[in-house]
Amino acid sequence: MRTSDRIRHYREKAGLTQRGLESLTEISQSTINRIESGRRPVKPYELTAIAEALGCPESSLVEHHEVRDRIQWTARTNSTAVPDPSTAKDFLFYLLEMDTYLRGVLQPIESS
């Protein structure tokens, strides 16, 4: 699934219109439309704002993510994997991103 499709999927899952997402992100509806239609790539700061507004990790919105790709490969090769592990994968990505964020925040505190 492309990044544009993922953004649309999570926006619709959140019950938001493009105008609703515009009001939460301050990214114009026309820009959101171009991003979701694949006519324009999403910029990093826009991806961050969209993920925050949708309450999901940025990694769940991007087309390729190293950790997600590894997990999906592992799930395909594991015969005991549950049929739909997407919820578990999204939660795992959230935890990994939170770990990265906290390490960045706590490192300067520990150095003091």
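A residue is taken here as buried when its relative accessible area is under 20%, as exposed when that area is over 50%, and as partly exposed in between (1.4 Å probe, protein chains only). The structure is a predicted model, in which local features need pLDDT of at least 70 and side-chain atom pairs count only at pLDDT 80 or more, while totals for chains, interfaces and linings use all residues. Residues are numbered from 1 along each chain as its sequence is written, and side-chain values use heavy atoms, with hydrogens and water left out.

Helix α1 spans residues 3-13, and its buried residues are Thr3, Ser4, Arg6, Ile7, Tyr10 and Arg11 (helices being DSSP runs of H or I of at least four residues, numbered from the N terminus). Viewed down the axis of α1, these buried residues fall within an arc of 165 degrees and so line one face of the helix, the arc being that of the directions from the helix axis to the C-beta atoms. After α1 comes glycine 15, which has a positive phi, near 75 degrees.

Salt bridges, defined by a side-chain nitrogen of Lys or Arg within 4 Å of a carboxyl oxygen of Asp or Glu, number seven by this rule. One of them joins arginine 2 to aspartate 5 at 3.3 Å, N to O; arginine 2 is partly exposed at 39% relative accessibility, and aspartate 5 is likewise partly exposed, with a relative accessible area of 24%. Arginine 11, which is buried with a relative accessible area of 8%, meets glutamate 12 in a salt bridge of 3.9 Å and also pairs with glutamate 36, the closest N and O atoms being 2.6 Å apart. This latter pair links distant parts of the chain, since glutamate 36 belongs to helix α3 (residues 29-36) and arginine 11 to helix α1, 25 residues apart. Glutamate 36 is buried, with a relative accessible area of 1%. Arg2, Asp5, Arg8, Arg11, Glu12 and Glu36 are linked in a network of salt bridges.

Threonine 25 lies in helix α2 (residues 18-25) and, at 11% relative accessibility, counts as buried. Leaving aside neighbours within four places in sequence, threonine 25 is in contact (heavy atoms within 4.5 Å) with Ile32, Ala49, Ile50 and Ala53. The side chain of threonine 25 reaches the backbone oxygen of leucine 21 at 2.8 Å, and a polar atom of that side chain lies 3.2 Å from the backbone nitrogen of isoleucine 27.

Definitions and conventions:
Helices (H or I, at least four residues) and strands (E, at least two) are DSSP runs, numbered from the N terminus. A polar contact is a pair of N or O atoms within 3.5 Å; within protein, one must be able to donate a hydrogen and the other to accept it, and residues adjacent in sequence count only if both atoms are side-chain atoms.
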